[in-house]
Amino acid sequence: MKKVLIAGGSGFVGQALQSFFRFKSIEFNVLSRNIYSERSNYFQWIPEENYIDLNSLVDVFCIINLSGENISEKPWTNKRKKQLYESRILTSQLLFDSIQKLSTKPEVIICASAIGYYESKESDRCFDETSKSGSSYLSTLCVQWEESSLKFISLGLRTIVLRFGIVLGKSGGAFPKLLFPAKFHLGTILSHGRQFMPYIHIDDLCNLILHCIEVKNINGIYNAVNGDHVTNESFCRTLANKVSRFVFIFKVPRIIIELLLGKMSTVLLDGNKVSSKKIEATGFLFQFKDLNMTFDNILKK
Ligand SMILES: NC(=O)c1ccc[n+]([C@@H]2O[C@H](COP(=O)([O-])OP(=O)(O)OC[C@H]3O[C@@H](n4cnc5c(N)ncnc54)[C@H](OP(=O)(O)O)[C@@H]3O)[C@@H](O)[C@H]2O)c1
């Protein structure tokens, strides 16, 4: 049976995918910078040294590339920007060079990107895959990231780039941080709260990735968001009300967030409506279509 290779598969999305593939009896390997002797399907790579264990690619028909330093973990200093860039572009390049040498190549590659690709507008405009990129740091990074991913087309691989929205799940990503104040009966609206927060439930994302593997005419760029256009304020109020009957909602002024986070504040302060129509037109059905369904499911886990 042929396998899937998950590059950067040890993180939040990768771990959820691992459980999902186990449940679906899909065999997979994981590429990580760390090596775990007890995990026989983990293989090492060190992208900055151009090293990869080529055994990771044996019998692999599909690659899912999730690699990348966390965008919102540390301030965007020049050193950090270099890490954010290299962890995406060097990894893609190393996969590209390795696949190029194989006599039997994988059939399909699915690469992560982010809805940070789009320009941020406080308007009712809904961005789709044909919309142009923004000019912010994050947009520029996404453009370079996607360019490095789309190179796989030249190797004959069916190449799919998924622009992830905020991935919501219990065990990682943004949700635990957003939940924290709600546990103390607090709802924190960021700035005016009108910025949109395109999101996707982690289970929907795993199903969407499998859908992209299985439906052979899926190719190119797709938004991975559920199409529920919610603002930061409604997100915050809905979550706080799910956790507690008595909540004190307050607004954190924009200037405070900017002072605390510098340029990285754009991750919290900017946001657009993003369309899910293109992926839905391929026959994909979202299970978690609104915040109520999403939060009810995550909170009961
Ligand atoms: N979670 C979200 O809401 C969200 C939204 C939009 C886009 N994305 C993107 O989707 C991808 C997966 O997200 P995630 O939440 O699973 O991220 P994550 O938990 O931070 O995991 C990212 C993975 O990338 C690998 N990695 C980190 N730095 C690296 C480096 N310098 N060189 C090579 N590999 C490196 C890590 O693997 P090892 O440490 O094992 O090597 C890690 O498992 C990321 O690229 C992220 O930017 C995520």
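**Helix contacts and their surroundings**

Modeller: In helix α2, the residues Leu-84, Tyr-85, Arg-88, Ile-89, Ser-92 and Gln-93 meet Leu-141, Gln-144, Trp-145, Ser-148 and Ser-149 of α3, where two residues are in contact if their C-beta atoms, placed from the backbone, lie within 7 Å. The model is predicted, and local features need pLDDT of at least 70, side-chain atom pairs count only at pLDDT 80 or more, and totals for chains, interfaces and linings use all residues. Residues are numbered from 1 along each chain as its sequence is written. Helices (H or I, at least four residues) and strands (E, at least two) are DSSP runs, numbered from the N terminus.

The axes of α2 and α3 (residues 137-150) come within 9 Å and cross at roughly 10°; axes are lines fitted to C-alpha atoms, for helices over the stretch in contact, and angles run from 0 to 180 degrees between N-to-C directions. That makes α2 roughly parallel to α3, since angles under 35 degrees count as roughly parallel, over 145 as roughly antiparallel, 65 to 115 as roughly perpendicular and the rest as oblique. The contact of α2 with α3 holds five nonpolar, five polar and one charged residues (Ala, Val, Leu, Ile, Met, Phe, Trp, Tyr, Cys and Pro count as nonpolar, Asp, Glu, Lys and Arg as charged, and the others, Gly among them, as polar).

Helix α5 (residues 202-214) lies across strands instead, namely β5, β6, β8 (158-164) and β13, running at about 140° to β6. Those strands belong to an open sheet of eight, in the order β4-β3-β2-β1-β5-β6-β8-β13, with mixed pairing; two strands pair if DSSP finds at least two bridges between them. At the edges stand β4 (51-52) and β13 (220-224), each with a single partner strand, so one side of each is left without a neighbour in the sheet. Within this sheet, β5 (residues 60-65) and β6 (residues 108-114) run parallel and are joined by four bridges, with Ile-64 opposite Ile-110 in β6.

The helix α5 also lies across β9 and β12, running at about 85° to β12. These two strands are part of an open sheet of three, ordered β10-β9-β12, again with mixed pairing. Three bridges pair β9 with β12 in the parallel sense, whereas β9 and β10 run antiparallel, joined by two bridges, and form a hairpin with two residues between them.

Finally, several of these elements return around the ligand, which 26 residues surround, the closest being Gly-8, Gly-11, Ser-32, Gly-68 and Ser-87; a residue is near a molecule or strand if its C-beta atom, placed from the backbone, lies within 6 Å of it. The elements that give two or more residues to this shell are α1 (12-23), α2 (78-101), β6, β9 (166-169) and β10 (172-173), and the largest share, three residues, comes from α1. The shell divides into 11 nonpolar, 13 polar and two charged residues.
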